[in-house]
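Hi there,

Here is the structure I promised to send over. Have a look first, and my notes follow below.

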Amino acid sequence: MILCHEDFETVFEIIPGRINVLIVENEGLFYKYCLELHQQVEGEDGRFCLSEGDKKIPLCKHALLIDSYLDFNFNEKKILSKLTQQLKASVNEKYYSEVTEIAQLWGALFEKFSLESCCNLEYSTDDTLSLLFKGFDIKIDMDSFDSLLDEILSYMRVWSDVMGIKCFFFINLKSYLTPQELGLFYHECSLNEYCIILFENQHKSSIEGEKILLIDQDLCEIPIITN
């Protein structure tokens, strides 16, 4: 994939294993580009363009922007909804007989409830799976992370495996991870074939393999070579 912007002469190649870093030193422009990217990931129009071949790819359907590292919400409604759909399909395929047995037990139990009630009860076992998932209040465990790095990678894994996202943008990630952690982060992203690009507002220590573009205060585009 290719990422470009109307203001940039440089074009970013977004492929697994490539670590793109865009550094914008001017604070006002940095905010402007981050806001523009955020709006496009949310479905609005903008001047960033993600493409593959001759086909333009909507950022809102193929990318995730991570700009806060203090509160990762693994249990967004759209994530849980998609996860439930996937689990239902898997359960119906692999455990149909068990679900049928549960439905029969459920029906027998409500027959007893009906006999003890002063009212005639109606119930349905047509969608036992939905009742089970709703009754058990299934959520993703958010308390099992050893570090911020572990939490970030787990969050990416959820969005990749559940939502099908493979392209991730990060705002000032280098302010939260050490160089050693960044090296591990890049390695894991490469293994999982994630496409990543970091937006930073100052040049910090370079990590091996990074493809850095610095836009300085004079708005000059300066490629920085790393080993």
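Tyr-155 and Trp-159 are about one helical turn apart, because they sit four residues from each other in helix H6 (residues 148-161); helices are DSSP runs of H or I with at least four residues, strands are E runs of at least two, and both are numbered from the N terminus.

A second pair is Phe-168 and Tyr-194: the centres are 5.3 Å apart and the planes at 70 degrees, so this pair is edge-to-face too. Phe-168 belongs to strand S7 (residues 167-171) and Tyr-194 to the loop between helix H7 (179-191) and strand S8 (195-200), so the pair ties together parts 26 residues apart in sequence. Both Phe-168 and Tyr-194 are buried.

In total, the structure holds 13 aromatic pairs. Ring pairs also join Tyr-69, Phe-72, Phe-74, Phe-145, Tyr-155, Trp-159 and Tyr-176 into a cluster.

A word on the basis: this is a predicted model, where local features need pLDDT of at least 70, side-chain atom pairs count only at pLDDT 80 or more, and totals for chains, interfaces and linings use all residues. Residues are numbered from 1 along each chain as its sequence is written, and side-chain values use heavy atoms, leaving out hydrogens and water.

Best wishes

Terms used:
Phe/Tyr/Trp six-rings, centres within 6.5 Å; stacked < 30°, edge-to-face > 60°. Buried < 20%, exposed > 50% of the residue type's maximum accessible area, 1.4 Å probe, protein only.
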